Amino acid sequence: IVPSDSETPEEVADKSEEKQILVNIIKNLEERDRLIITLYYYENLNYKEIADVLNITVSRVSQIHSKIIKEMKEKIKVEYND
């Protein structure tokens with residue numbers, strides 16, 4: 001018997017597709033933007049730590065991060081509308 005909370009093959013495929021879309025979007029970011037995303041989400045650095053690494057202000061890290069997320073959301077919408 002399969003537990004009712006297990007993922008269906010379709011759900012697994014959807015997650016895999018979503019992950020691949022996200023990977024492709026991240027790969028196509030500019031180097032600095034990709035670094036900020038990597039440091040924040042994969043290395044778990046906060047804005048202050050990222051600012052120190054990049055030698056920019058915390059405010060600038062926040063601005064860039066917001067811009068990146070907005071652009072990524074737009075690209076994701078385009079992928080799902082195709």
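**Close-up views of a predicted helical model**

**View 1. Asp-33, a buried charged residue in helix H2.** With a relative accessibility of 2%, Asp-33 falls under the 20% cut-off and therefore counts as buried. Please keep in mind, as you look through these views, that the model is predicted. Asp-33 belongs to helix H2. Setting aside residues up to four places away in sequence, Asp-33 touches Ile-64, Lys-67 and Ile-68.

View 2. Apart from neighbours within four places in sequence, Lys-67 is in contact with Arg-32 and Asp-33. For a sense of scale, look also for Lys-27: its C-alpha atom and that of Lys-67 are separated by 16 Å, and the two residues are 40 residues apart along the chain.

**View 3. Helix H2 crossing helix H4.** Now step back to take in both helices. The axes of H2 and H4 come within 10 Å and cross at roughly 100°. That angle makes H2 roughly perpendicular to H4. On the H2 side, the residues that meet H4 are Arg-32, Asp-33, Ile-36, Ile-37, Tyr-40 and Tyr-41. Their counterparts in H4 are Arg-60, Ile-64, His-65, Lys-67, Ile-68, Ile-69 and Met-72. Sorted by class, this contact of H2 with H4 has 8 nonpolar, 1 polar and 4 charged residues.

**View 4. Helix H1 packed against helix H4.** What angle do H1 and H4 make where they pack? Helix H1, residues 9-27, and helix H4, residues 58-81, pack at about 130°, with their axes 10 Å apart. H1 is therefore oblique to H4. The crossing of these two helices is right-handed. The contact of H1 with H4 has 7 nonpolar and 3 charged residues, and no polar ones.

**View 5. Helix H3 meeting helix H4.** The axes of H3 and H4 come within 8 Å, crossing at roughly 100°. These two helices are therefore roughly perpendicular to each other. H3 makes the contact through Tyr-47, Lys-48, Ile-50 and Ala-51, while H4 brings Val-58, Val-61, Ser-62 and His-65. By class, the contact of H3 with H4 has 5 nonpolar, 2 polar and 1 charged residues.

**View 6. The largest nonpolar core.** How many residues make up the largest nonpolar core? There are 13 residues in this core. Those with the most contacts inside it are Ile-26, Leu-29, Ile-36, Ile-37, Ile-50, Ile-68 and Met-72. The elements that give two or more residues to the core are H1, H2 (31-42), H3 (47-54) and H4. The largest share, 4 residues, comes from H4.

**View 7. Ile-36 and its partners.** To finish, let us pick out one residue from the previous view. Ile-36 is among the residues with the most contacts inside the largest nonpolar core. Leaving out neighbours within four places in sequence, Ile-36 is in contact with Ile-50, Leu-54, Ile-64 and Ile-68.

Terms used: Residues numbered from 1 in each chain as written. Predicted model: local features only at pLDDT ≥ 70, side-chain atom pairs only at ≥ 80, totals over all residues. Heavy atoms only, no water. Axes fitted to C-alpha atoms, helices over the stretch in contact; angles between N-to-C directions. Parallel < 35°, antiparallel > 145°, perpendicular 65-115°, else oblique. Left-handed = near helix turned anticlockwise from the far one by under 90°. Nonpolar A, V, L, I, M, F, W, Y, C, P; charged D, E, K, R; others polar. Core = buried A, V, L, I, M, F, W, Y, C linked by side-chain atoms within 4.5 Å. Buried < 20%, exposed > 50% of the residue type's maximum accessible area, 1.4 Å probe, protein only. Contact = heavy atoms within 4.5 Å.
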